[in-house]
Amino acid sequence: MTILPEQYFDDLYRRDSDLERVVESIRRAGMPEISVAAGYGRLLTFLVAITGARSILEIGALGGYSGICLARGLPEDGRLISLELKQEYADIAKDNMTAAGHGSKAEYLVGDASESLDKLALKDNRFDFFFIDADKENYPNYLEACIALANEGAIIAADNTLLRGKTIDDNKQGPSVLAIRQFNRLIAQDSRLMGVHLPAFDGLALAKINLNK
Ligand code: SAM
């Protein structure tokens with residue numbers, strides 16, 4: 001019997017009760033089961049750790065799965081700000097983050113991310129790492145807002161750049177698809193970014209920000 005590659009790799013790792021708690025809480029609350037996959041979460045922890053990031057901005061918290069993975073890569077005095085539209089989701093994410101032992105690092109800003117990003121810019125916040133995983137129509141705007149909030153050399157990671165195949169299907173021309181295509185072109189071509197697209201999971205984009213360009 002063969003199993004899927006992702007399942008094979010997941011089975012190599014120890015059980016993760018903190019992330020299992022997130023998955024269970026999302027199910028219990030009837031929230032959408034759209035957290036990043038386990039391997040994706042490990043990649044986020046790894047990227048934060050190897051880049052030495054001390055401050056992270058996440059757009060799209062849901063139940064806190066990716067947030068916990070990001071916080072795990074931070075030093076003890078690191079900080080994560082997570083933007084979430086829905087109060088009930090932010091409350092669950094916060095509880096899960098606290099139960100996972102990273103509550104002191106995390107802060108949740110509830111409301112439309114575009115408005116929260118404007119508020120963060122007014123207070124002159126700066127971040128070393130960004131994870132974009134919210135409404136797809138706004139990805140190009142989020143990218144610009146992240147660049148404006150970035151420390152030199154900051155990293156941007158973004159999920160769902162393939163939109164389950166819609167991005168590469170010419171017959172799909174909806175607002176999310178058009179926005180993701182524009183976002184992908186910016187990652188590839190914006191002179192302020194060193195970008196790379198990975199056709200893994202549902203498409204993962206990474207970029208290093210060079211503010212001196
Ligand atoms: N990153 C999460 C994880 O892997 O654990 C999953 C995030 S889920 C794919 C997208 C989240 O973005 C949802 O919780 C949704 O409520 C939130 N969201 C959607 N539109 C938003 C907006 N305009 N501003 C802030 N959050 C938004």
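Guide: Two strands count as paired if DSSP finds at least two bridges between them. Strands (E, at least two residues) and helices (H or I, at least four) are DSSP runs, numbered from the N terminus. The model here is predicted, so local features need pLDDT of at least 70 and side-chain atom pairs pLDDT 80 or more, while totals for chains, interfaces and linings use all residues. Residues are numbered from 1 along each chain as its sequence is written, and side-chain values use heavy atoms, leaving out hydrogens and water.

Visitor: What is the order of the strands in the open sheet?

Guide: The seven strands are ordered β3-β2-β1-β4-β5-β7-β6, and the pairing is mixed. At the edges are β3 (106-110) and β6 (193-198); each has a single partner strand, so one side of each lacks a neighbour in the sheet. On average, neighbouring strands are turned by 15 degrees against each other, direction ignored. Axes are lines fitted to C-alpha atoms, for helices over the stretch in contact, and angles run from 0 to 180 degrees between N-to-C directions.

Visitor: In which sense do β1 and β4 pair, parallel or antiparallel?

Guide: Parallel: β1 (residues 55-59) and β4 (residues 127-132) are joined over four bridges.

Visitor: How many bridges join β5 to β7?

Guide: There are five, and the two strands run antiparallel. Ala158 has Ala205 of β7 as its bridge partner. On β6, the pairing with β7 is antiparallel too, over six bridges, and Val196 faces Leu206 of β7. In a regular strand the side chains alternate between the two faces of the sheet.

Visitor: What lies between β6 and β7?

Guide: Five residues, in a hairpin; in its turn, Phe201 has a positive phi of about 50 degrees.

Visitor: How many residues of β7 are buried?

Guide: Buried means under 20% relative accessible area, exposed over 50%, and partly exposed in between (1.4 Å probe, protein chains only). Five of the six residues of β7 are buried, and the strand is mostly covered. Helix α7 (residues 139-148) is largely enclosed by the rest of the structure, because seven of its ten residues are buried. They are Tyr139, Pro140, Tyr142, Leu143, Ala145, Cys146 and Ile147.

Visitor: Which strands does helix α3 lie across?

Guide: Contact means heavy atoms within 4.5 Å. Helix α3 (residues 38-51) lies across β1, β4, β5 (150-159) and β7 (204-209), and runs at about 165 degrees to β4. Helix α6 (residues 113-122) lies across β1, β2 (79-84), β3 and β4, at about 140 degrees to β2.

Visitor: At what angle do α2 and α4 cross?

Guide: Two packed helices are described by the angle between their axes and the distance between the axes. The axes of α2 (residues 17-28) and α4 (residues 65-72) cross at roughly 160 degrees and come within 9 Å. The two helices are therefore roughly antiparallel, a term for angles over 145 degrees. Their crossing is right-handed, meaning that the near helix is turned clockwise from the far one by less than a right angle. Asp18, Leu19, Val22 and Val23 of α2 meet Tyr65, Ile68, Cys69 and Arg72 of α4. By class, this contact has six nonpolar, no polar and two charged residues. Ala, Val, Leu, Ile, Met, Phe, Trp, Tyr, Cys and Pro count as nonpolar, Asp, Glu, Lys and Arg as charged, and the others, Gly among them, as polar.

Visitor: How far apart are the axes of α3 and α4?

Guide: They are 7 Å apart, and the helices pack at an angle of about 30 degrees. This crossing is right-handed. The contact involves Ala38, Gly41, Leu44, Thr45 and Val48 of α3, with Tyr65, Ser66, Cys69, Leu70 and Arg72 of α4. Its classes are six nonpolar, three polar and one charged.

Visitor: Where does Asp124 lie?

Guide: Asp124 is in the loop between α6 and β4, and its phi is near 60 degrees, a positive value in a residue other than glycine. Asp124 is exposed, at 55% relative accessible area. Leu163, in the loop between β5 and α8 (175-189), also is not a glycine and has a positive phi of about 45 degrees. Leu163, however, is buried, at 8%.

Visitor: How accessible is Gly52, and which class does it count as?

Guide: Gly52 has 48% relative accessibility and counts as partly exposed. Gly52 is in the loop between α3 and β1.

Definitions and conventions. Angles under 35 degrees count as roughly parallel, over 145 as roughly antiparallel, 65 to 115 as roughly perpendicular and the rest as oblique.
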